[in-house]
Amino acid sequence: MKACDSCNGRAVIGKHHNNVPVWKRAIGMVLVYLPIVTLPFVFISAYLTYYHLILIGGENIKKLSDFLPDRASHRYTLKNQITMHGSFKASLSQYKLFWILNCTWYCPVSVAVFEWHAYLVKIVENWWCPFTHEKKEGYSDAKIDKSFWHIYPEDIVKLEKEDRDNPIWNDEQDK
């Protein structure tokens, strides 16, 4: 189960947005863009993890491009981008370029990088630590053929049955 699966339902934002003072919303807008400064570190971390897996023999590992939406799948272009009337004079929501940069670049790339990185980290854990815990089923989107523990006959016998036979890190279970 993923962490978000334990929530009671949808996150509630829209019900209260118009009741939040404009100054608070403006601060919120600044806070959503500050993580841009962390993106280079997330890129570096993801690529280090990716190359770690390649260098230890990994194949068929998804690339960042597998997580990015096709540019042609975006509904709007700069020509037909819709905008909003801003809540205040300097509001960026009234500009097409603001929405294009957000909805075509910042958001999809950010989501893709974090999803790719999470996928890679799950592969790393499935490889090095094929030991079941309550959240491990959520790692099934990062299945591997064999874990590190499965490649040595003298070590596979040490595993509990549930760890030895788990299809997330043992492709023998697919047969």
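For the residue classes used below, Ala, Val, Leu, Ile, Met, Phe, Trp, Tyr, Cys and Pro count as nonpolar, Asp, Glu, Lys and Arg as charged, and the others, Gly among them, as polar. The model is predicted, so local features need pLDDT of at least 70 and side-chain atom pairs count only at pLDDT 80 or more, while totals for chains, interfaces and linings use all residues. Numbering starts from 1 along each chain as its sequence is written, and side-chain values use heavy atoms, with hydrogens and water left out.

**View 1. The largest pocket and its lining.** By class, 16 nonpolar, ten polar and one charged residues line this pocket. A pocket here is an open set of points on a 1 Å grid over the protein atoms alone, where a 1.4 Å probe fits, with protein on both sides within 12 Å along at least five of seven lines; lining residues have an atom within 4 Å of a point. The volume is about 680 Å³, counted as the space filled by probe spheres set on the points, which are joined across faces, edges and corners. Of the 27 lining residues, His17, Arg25, Met29, Ser93 and Phe98 lie nearest the centre. Two or more residues each come from α1 (14-17), α2 (22-33) and α4, and α2 has the largest share, with seven. Helices are DSSP runs (H or I, at least four residues) numbered from the N terminus.

**View 2. The second largest pocket.** This one holds about 370 Å³ of space. Look for Gly57, Gly58, Glu59, Ile144 and Asp145, which lie nearest its centre among 15 lining residues. The lining splits into eight nonpolar, three polar and four charged residues, and α4 gives the most, with three.

**View 3. Helix α3 against helix α4.** Residues 39-55 (α3) and 96-128 (α4) pack at about 35 degrees, axes 9 Å apart. Axes are lines fitted to C-alpha atoms over the stretch in contact, and angles run from 0 to 180 degrees between N-to-C directions. The crossing is left-handed, meaning that the near helix is turned anticlockwise from the far one by less than a right angle. Residues in contact (heavy atoms within 4.5 Å) include Phe43, Tyr47 and Tyr50 of α3 and Phe114, Trp116 and Trp128 of α4. By class, that contact has 17 nonpolar, five polar and no charged residues.

**View 4. Val121 on helix α4.** Val121 is partly exposed, at 39% relative accessible area; the label covers values between buried (under 20%) and exposed (over 50%), with a 1.4 Å probe and protein chains only. Its C-alpha atom sits 34 Å from that of Arg25, 96 residues apart along the chain.
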